[in-house]
Amino acid sequence: MHHVYLGLGSNIGNRQQCIADAIRLISERVGTVLRQSSLIETEPWGFQSDNQFLNGVILCETCLTPRQVLKVTQQIERELGRHKIVNRTREALGSSKKSVNRKYNDRPIDIDILLYDDLMVDEPDLKIPHPLMHERDFVMIPLNEIK
C-alpha cells in the first residue's frame, strides 16, 4: 500500500459540500482516507476572483499507481462539475484542464496530488511532489496539520 497526500480546493458553488463529495468519492475510488485536515478559507492564488477558496488536504492509503490516482481524481473533478466552469474561454474550448493559457479560473473542485510516498515523478502532466506546493500556504498549512 502507498500513501498519497491530496490537496483539495473549491471556490464556487457549495464549497464545503463539494469538498465533502470529493472526499467521499476519493475514499471509494482511490483508497482509505487516513487523515483529513481542517478546511481553511483563502484568497485565490494566481488569478483574481471575488470567490474565496476552501482548501484542505487528505492522506489516503492506496494500491493505485500515481498515474491511476491522477486519472481517478480528474474523473472525480469532472463528475463534480469541473467541466462546467463559468469562464467563456473554457466553455468555448470545452476544457477540463486546470488552466487555460496558464491562467487559473474559478472552479467547483480542484484535486492535486501533492506527495506519493517518497516518489519523484517529472512528466509533462504529472509532477510529484507538486512543484508549487511550497509556495502555497493554502497547501502547506493543511498539509503540516496532518503530516
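Author: Welcome! pLDDT is the predictor's confidence in each residue, on a scale from 0 to 100. The model above is a predicted one.

Reader: What does the protein average in pLDDT?

Author: Happy to start there. Of the residues, 85% score at least 70. Taken over the protein, the average pLDDT is 88.

Reader: How many helices and strands does the protein have?

Author: You can follow them along the sequence as β-α-β-β-β-α-α-β-β-β-β-β-α. The total comes to 4 helices and 9 strands.

Reader: At what angle do the axes of α1 and α2 cross?

Author: Two packed helices are described by the angle between their axes and the distance between the axes. Helix α1 spans residues 15-29 and helix α2 spans residues 66-79, and their axes come within 10 Å. Their crossing is right-handed. The angle is roughly 145°.

Reader: What classes of residue make the contact of α1 with α2?

Author: On the α1 side you will find Ala 22, Leu 25, Ile 26 and Arg 29. Helix α2 brings Val 72, Gln 75, Ile 76 and Glu 79. Sorted by class, the contact has 5 nonpolar, 1 polar and 2 charged residues.

Reader: How are the rings of Phe 47 and Phe 53 arranged?

Author: The count of aromatic pairs comes to 1. Phe 47 and Phe 53 are both buried. Their ring centres lie 6.2 Å apart and their planes meet at 85°; planes over 60 degrees apart count as edge-to-face. The pair is therefore edge-to-face.

Reader: Is Asp 106 buried or exposed?

Author: Asp 106 sits in the loop between β6 (103-104) and β7 (110-116). Its relative accessible area is 19%, and the cut-off for a buried residue is under 20%. So Asp 106 is buried.

Reader: What distance separates the C-alpha atoms of Asp 106 and Asn 51?

Author: Along the chain, Asp 106 and Asn 51 are 55 residues apart. As background, residues 24 or more positions apart account for 70% of the protein's contacts with a separation of 6 or more. For Asp 106 and Asn 51, the C-alpha separation is 7.5 Å.

Technical notes
Residues are numbered from 1 along each chain as its sequence is written. This is a predicted model: local features need pLDDT of at least 70, side-chain atom pairs count only at pLDDT 80 or more; totals for chains, interfaces and linings use all residues. Side-chain values use heavy atoms; hydrogens and water are left out. Axes are lines fitted to C-alpha atoms, for helices over the stretch in contact, and angles run from 0 to 180 degrees between N-to-C directions. Helices (H or I, at least four residues) and strands (E, at least two) are DSSP runs, numbered from the N terminus. A crossing is left-handed if the near helix is turned anticlockwise from the far one by less than a right angle, and right-handed if clockwise. Contact means heavy atoms within 4.5 Å. Ala, Val, Leu, Ile, Met, Phe, Trp, Tyr, Cys and Pro count as nonpolar, Asp, Glu, Lys and Arg as charged, and the others, Gly among them, as polar. Rings of Phe, Tyr and Trp (its six-membered ring) pair if their centres lie within 6.5 Å; planes under 30 degrees apart count as stacked, over 60 as edge-to-face and the rest as tilted. Buried means under 20% relative accessible area, exposed over 50%, partly exposed in between (1.4 Å probe, protein chains only).
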